[in-house]
Amino acid sequence: MIVIGAGAAGMMCAATAGAGGREVILVDHATKLAEKIRISGGGRCNFTNVNVAPENFISANPKFCRTVLAGYTPQDFIKLVKSYGIAWHEKHRGQLFCDESSEQIIAMLRKECDRARVKWRMPCTVQSIKRIIGGFELGTSAGVLRSRDLVIATGGTAVPQVGATDFALKVATQFGIEVIEPRPALVPLQFDPNVWQPFAHLAGVAIEAEIAVTGGPKQRFVEDMLFTHRGLSGPGILQISSYWRPGQSLAINLLPTKGLAQELIELKTGAKQQASTVMSKYWPKRLAEQWLGESGQRKFAEWSDKAIRALVEQIQNWQVLPSGTAGLRKAEVMAGGVDTGALDQRTLEVKGIEGLYFLGEAVDVTGWLGGYNFQWAWASGVACGRALAARTRD
Ligand SMILES: Cc1cc2nc3c(=O)[nH]c(=O)nc-3n(C[C@H](O)[C@H](O)[C@H](O)COP(=O)(O)OP(=O)(O)OC[C@H]3O[C@@H](n4cnc5c(N)ncnc54)[C@H](O)[C@@H]3O)c2cc1C
């Protein structure tokens, strides 16, 4: 069998199928192995999340990922990581990171492939794929390769700077398989420069906020948000960006404290300070001063209850209309991809095209920020690898 793409899903699939007795050729066009794993998690690879559930994934068919995720869990991957003596820690909301370096995960997967006697073809470019009787024929820079089974694990189109391509989408189209329109996800959002001008100099200010798409799906995130020169970023914005579509506004609660209006009304009694100084107890000073403008210089005690309520409404229901995303070069993943309707949910084989499989980010299953995308890559790789190993026994 041939696996194209020696990334997270491809190596996992090759190692699983190889360990199960299949002869595997693993092809990748890159000169350096698994660049996305290397740069992930700020170089420490957020390799899974202990809270993984189907609800943490976005897809035109939200139920599709269930079987695959249940078949290979975060605990299974943690067991593998432990068996290699790789130290890790939990950082935030179930996110697991290597203590030292993402290179350890790459070395582990390389070793797993070597143990399973996987044959590497790297760097190797695939120029053509043809369906032949009993399998597939590939024209490559290393000559013609033939195989009964072909796995496409070339990932998504995010961050082309490290070798991401639309190869999987092109192969899908070649074989008449539907593709859900790809779009950048887990990506900063930008605004029209004129609209953003009053906020641009807040660049670098970070606060916790509750963020949702106005009139969009019910999903909301309470996470850190970062002001940038061109718009908004930080974990909360990356998360909501996967749900956001052009033309939609965001509803942002910049101070998600219950009963805030009442708290401020009680606070103003006897307050000798300026309003911006009072608000600096809740917010970074720069944000408090910018938000309140000249009115922030007035003593807080002079503010009417009505004015305080209006301020709180403005802060807790800030409606903003992004003009776009920062694009695929800055996105952590591609959302959309090979339509899950075309795939078997247990094996990821294309329905009606025996021996052709799509895995990982190439498929229309996109995880939240926080280790979810790797868990999908590992689990889809294992599901397919197991199915292919079982085929030797057919
Ligand atoms: C900056 C950044 C940080 C991230 N951090 C995290 C994180 O901490 N946790 C997390 O869960 N997810 C993270 N992700 C997402 C995660 O890296 C991907 O979702 C995951 O790697 C997808 O696995 P994959 O195997 O489908 O694709 P990839 O890992 O991208 O592997 C695809 C492979 O296919 C090869 N390939 C591509 N095109 C071709 C072609 N035409 N011919 C031959 N080979 C080809 C590539 O060289 C690559 O080796 C991050 C992504 C980015 C960009």
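The axes of helix α4 (residues 74-83) and helix α5 (residues 103-115) cross at roughly 90° and come within 10 Å of each other. Angles of 65 to 115 degrees count as roughly perpendicular, and α4 and α5 are therefore roughly perpendicular to each other. The coordinates belong to a predicted model.

On the α4 side, the residues that meet α5 are Phe77, Leu80 and Val81. Their counterparts in α5 are Ile105, Met108 and Glu112. By class, the contact of α4 with α5 comprises 5 nonpolar residues, no polar residues and 1 charged residue.

**Ligand site**

The ligand is surrounded by 30 residues. Ala9, Asp28, Thr165, Glu361 and Phe374 are the closest of these. The shell divides into 13 nonpolar, 13 polar and 4 charged residues.

Which helices each supply at least two residues of this shell? They are α1 (8-19), α2 (35-39) and α13 (372-392). With 4 residues, α13 gives the most to the shell around the ligand.

| Residue | Protein atom | Ligand atom | Distance |
|---|---|---|---|
| Ala8 | backbone N or O | oxygen | 3.1 Å |
| Asn46 | backbone N or O | nitrogen | 2.9 Å |
| Thr165 | side-chain N or O | nitrogen | 2.6 Å |

The ligand on its own has 1000 Å² of accessible area, of which the protein covers 92%.

**Backbone geometry**

Two loops between strands contain residues whose backbone angles deserve mention. In the loop between β7 (119-121) and β8 (126-132) lies Pro123. The peptide bond that leads from Met122 to Pro123 is cis, and its omega is near -5°.

The loop between β5 (88-90) and β6 (95-98) holds Arg93.

Notes:
Residues are numbered from 1 along each chain as its sequence is written. This is a predicted model: local features need pLDDT of at least 70, side-chain atom pairs count only at pLDDT 80 or more; totals for chains, interfaces and linings use all residues. Side-chain values use heavy atoms; hydrogens and water are left out. Axes are lines fitted to C-alpha atoms, for helices over the stretch in contact, and angles run from 0 to 180 degrees between N-to-C directions. Angles under 35 degrees count as roughly parallel, over 145 as roughly antiparallel, 65 to 115 as roughly perpendicular and the rest as oblique. Contact means heavy atoms within 4.5 Å. Ala, Val, Leu, Ile, Met, Phe, Trp, Tyr, Cys and Pro count as nonpolar, Asp, Glu, Lys and Arg as charged, and the others, Gly among them, as polar. A residue is near a molecule or strand if one of its heavy atoms lies within 4 Å of it. A polar contact is a pair of N or O atoms within 3.5 Å; within protein, one must be able to donate a hydrogen and the other to accept it, and residues adjacent in sequence count only if both atoms are side-chain atoms. Accessible areas come from the Shrake-Rupley method with a 1.4 Å probe; for residues, only the protein chains shown count as cover.
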